[in-house]
Amino acid sequence: MNIMVTGGTGFVGRALCATLSHSGHHIVILTRSVGALGGVLERNMTAVEWNGRDRGTWEESLERTDAVINLAGEPIAASRWTKKRKQLIVESRVNATQLLARAISCASGRPRVFISASGVGYYGTSPDRRFDERDGPGSDFFADLCQSWEGVALAAQSHNTRVICLRIGMVLDKEGGALAKMVPPFRAFVGGPIAPGTQWVSWIHRVDLIGLVEWVLAHEQITGPVNAVAPGTVTMKEFCNILAAALKRPSWLPVPELALRLAFGELASFMTTGQQVIPKVALDNGYPFRYPQLEFALTSLSAGHRV
């Protein structure tokens with residue numbers, strides 16, 4: 001397949017592009033800096049410049065594209081949330097997705113599938129509810145963001161193009177993401193859960209997220225929202241206990257909410273709450289999770305102490 005990818009240089013995107021390339025697909029990476037990719041492009045990869053805001057010559061690549069995978073967006077937890085930062089988080093996702101959707105709708109040879117990232121934040125938070133793809137949205141910042149994000153993606157849907165919105169949970173891999181930030185305190189014997197510890201963590205191994213994308217590409221009956229999380233959701237306390245066991249370290253020093261608020265501002269409230277999300281579409285349609293339970297995922301990532 002000819003596959004166009006935005007966000008192809010990020011934590012998930014670069015691994016996804018490498019996997020798809022090794023499977024024989026040709027990858028077109030839309031990027032703000034083509035020159036920076038010169039040394040890392042593999043044989044089946046091409047870089048095309050775009051800025052995520054404007055139409056341009058990059059649209060010509062859509063005429064030869066079978067699938068578009070949209071992972072564009074500013075990192076959620078890169079810095080303290082200010083009004084300007086929140087606006088950037090929204091615009092980098094919604095505007096870029098809208099631009100892609102409009103270009104897909106106008107292409108004479110439309111891609112057969114448009115896979116666009118979203119998040120489990122769509123459902124809002126709850127201490128006891130279990131959410132799947134049939135549930136409606138929450139009413140906080142993340143829920144509003146995901147609704148807008150998915151709404152502009154779905155505008156590309158037609159009889160020629162199916163749209164999938166991947167509601168992604170916490171992605172685990174030793175190369176980056178949340179896990180890379182959580183491990184150092186545990187290695188220093190000062191690790192522990194984010195208070196209160198009872199909040200749910202919906203997670204997925206990066207290998208399974210990439211596998212889920214490949215599976216969606218191959219299964220034409222899949223459309224609409226897909227929860228990209230493992231079946232084995234856990235509480236924050238359970239997560240940290242399992243991580244500590246994998247690293248052969250204790251989990252004993254909780255991170256207080258006050259410290260998080262000082263560091264992250266409003267973002268802290270989302271770190272101390274959570275949602276239990278079930279991957280119903282994936283399970284009902286037979287996706288074979290490689291790491292369905294957290295123990296297996298963290299043990300694989302901590303093998304040889306390389307997390």
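Which loop is Leu253 found in? Select Leu253 and you land in the loop between helix H6 (236–247) and helix H7 (257–264); helices here are DSSP runs of H or I with at least four residues, strands are E runs of at least two, and both are numbered from the N terminus.

Before moving on, some ground rules. This is a predicted model, where local features need pLDDT of at least 70 and side-chain atom pairs count only at pLDDT 80 or more, while totals for chains, interfaces and linings use all residues. Residues are numbered from 1 along each chain as its sequence is written, and side-chain values use heavy atoms, leaving out hydrogens and water.

Now color the strands. You'll find an open sheet of seven, ordered E3-E2-E1-E4-E5-E7-E11, with parallel pairing (a pair takes at least two DSSP bridges). At the edges sit E3 (45–49) and E11 (224–228), each pairing on one side only.

Zoom in on E2 (residues 26–31): five bridges join E2 to E3, and the two run parallel. Pick Leu30 and its bridge partner in E3, Val48.

Next, show helix H3 (residues 141–154). H3 packs on the sheet, touching E4 (67–70), E5 (113–119) and E7 (162–168), where contact means heavy atoms within 4.5 Å. The direction of H3 makes about 175 degrees with that of E5; axes are lines fitted to C-alpha atoms, for helices over the stretch in contact, with angles from 0 to 180 degrees between N-to-C directions.

Then select helix H5 (residues 206–218), which also packs on the sheet and touches E1 (2–6), E4, E5, E7 and E11. Its direction makes about 165 degrees with that of E7.
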